[in-house]
Amino acid sequence: MPKGMKSIVLLFWSLCTVAAVAQENWQTTVDSWMKDPALQHASVGFKIQEIKTGKVWAAHESGQAVIPASVQKLVTTSVALDYLGESRTFQTRLQFSSSAISDGHLDGDVVLLGGGDPSLGSQYHKPLDEAVQSWIKVLKDKGVTHVDGSIIARNSLFEPYTVPRTWIWEDMGNYYGAGASGVIVHDNMYKIHFRSPAEIGALTEVVKTEPEIPGLQLQNRVVSAKGNRDNAYVFGAPGQYNPTIEGSIPANRSDFPIKAAMPNPGLFLAQYFQTKAEEAGIQIEGEPQMENTEGEKKAEDVFKLKGLSVGQLIYHTNRKSVNLFAESLLQQLGLKRAGFGSTKLGIQALEHYYDSVGISRAGVHWEDGSGLSHFNTTTADFLVDVLQFNSRQSWFGVFKHSLPVAGRSGTLKSMFRGTPAMDRIWAKSGSMTRVRCYAGYLQTADGKEYAFALLVNNYECTSSQMKQKIEKLLVEIVGD
């Protein structure tokens with residue numbers, strides 16, 4: 001063998017040996033990390049497994065059941081990709097309850113049948129006005145200038161608008177605590193604009209809501225405070241039009257918006273459509289309505305409005321951690337498997353799926369699709385099994401592309417910058433009070449890829465400090 005070639009071979013084997021030694025030391029690294037005083041009373045589950053060989057290189061209590069927070073979205077989006085298909089779209093159907101149109105009069109109702117499309121009027125898709133104008137155009141093209149009935153938003157294929165039963169009171173009135181149903185609009189969210197006085201502790205003023213919600217009566221208890229943080233919370237349940245807002249916002253602001261969950265998205269859609277139709281010269285005789293049943297009068301399709309595809313919804317769900325999209329996808333799983341969209345049936349679809357592919361659900365319990373419930377539990381074993389399984393599927397590229405990238409995008413954008421882990425970790429994060437979790441894929445310097453899950457509950461430090469500790473561990477594992 002030529003001398004130069006021999007040197008290259010020796011260098012190659014030297015690098016491989018170094019990498020192997022580094023991998024063998026991962027367990028020691030994890031064991032040392034666990035001695036941090038902040039983890040003394042914590043529940044921690046960790047596992048890292050090489051994708052190609054299936055070898056587990058390090059683990060700690062990987063079978064322990066812990067709260068996953070938004071890491072739960074990995075489960076929901078994985079099953080949605082396989083069971084629903086990447087290109088599947090959901091539709092909102094414009095229907096007429098009568099085909100009789102005489103002298104511009106539609107002798108019946110205009111129905112908006114919700115198909116569980118969470119992207120209707122969403123900030124991640126097209127403005128609501130674009131959808132509404134397309135419906136108005138249909139009416140005008142049909143020669144309708146007067147609707148003798150009503151505008152009805154119908155939610156007959158899904159459970160009535162609500163939230164999963166184990167969500168807490170502090171979450172459900174806020175934008176991230178908006179529930180899903182057949183009729184979803186504007187991310188089921190509205191903004192509340194405040195004006196705050198300069199005096200610390202003084203009561204703020206609600207200037208407006210955007211969009212305007214008819215019948216809404218806000219009970220404002222928000223005060224001015226030092227700093228720049230939004231510490232205002234909306235307390236209100238689905239269907240409740242007099243929510244209470246408590247907490248604080250920065251002092252001396254002329255316009256400070258916060259986001260809240262709509263009390264009745266379906267009714268709002270009907271009201272908004274009617275307002276815009278009347279502005280366009282179409283008279284509506286009846287009052288806008290929301291129905292959760294088929295209704296006495298059958299309606300026929302006249303126009304179908306498609307939303308984002310499943311692949312696109314999953315991208316936003318994982319990159320931006322959109323709870324509403326995850327809950328909607330969960331209900332769609334229930335609709336496809338059992339003929340009705342609900343949280344309960346969606347969870348049953350998840351259970352059936354993982355049982356059918358042979359992945360053990362020991363220690364795993366689900367209450368929702370997004371991870372907002374504190375009653376969800378999972379294990380590092382389960383998540384790594386799911387990630388390993390996903391890596392062998394035809395849709396894996398779509399799934400991996402949806403995950404935030406270290407130092408680049410989503411919830412990992414501010415992490416790992418300027419470290420060897422930048423661009424080498426693709427993972428979903430999950431956080432709530434005393435919960436910090438990460439699960440996904442990482443690539444070491446030698447090009448090998450691994451599935452990992454790191455789940456930490458009940459640590460004794462701040463959330464930002466725990467985030468830094470996790471970042472340091474993962475950087476050490478990725479290596480130089």
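Q: What makes strand 4 and strand 5 a pair, and in which direction do they run?
A: In this predicted model, two bridges join strand 4 to strand 5 (residues 105–106).

Q: Why are strand 4 and strand 15 said to stand at the edges?
A: The open sheet has the strand order 4-5-7-15, with mixed pairing. Strand 4 (101–102) and strand 15 (283–284) each have a single partner strand, so one side of each lacks a neighbour in the sheet.

Q: Why is the contact between lysine 47 and aspartate 381 called a salt bridge?
A: The N to O distance between their side chains is 3.0 Å. The cut-off is within 4 Å, so the contact qualifies. Lysine 47 belongs to strand 1 and aspartate 381 to helix 10, so the pair ties together parts that are 334 residues apart in sequence.

Q: What makes aspartate 141 and lysine 137 a salt bridge, and where do they lie?
A: Their side chains meet at 2.8 Å, N to O, which is within 4 Å. Both lie in helix 4 (residues 128–141), four residues apart, so about one helical turn separates them. Aspartate 141 has 55% relative accessibility; exposed means over 50%, so aspartate 141 counts as exposed.

How values were computed:
Residues numbered from 1 in each chain as written. Predicted model: local features only at pLDDT ≥ 70, side-chain atom pairs only at ≥ 80, totals over all residues. Heavy atoms only, no water. Pairing = 2+ DSSP bridges. Buried < 20%, exposed > 50% of the residue type's maximum accessible area, 1.4 Å probe, protein only.
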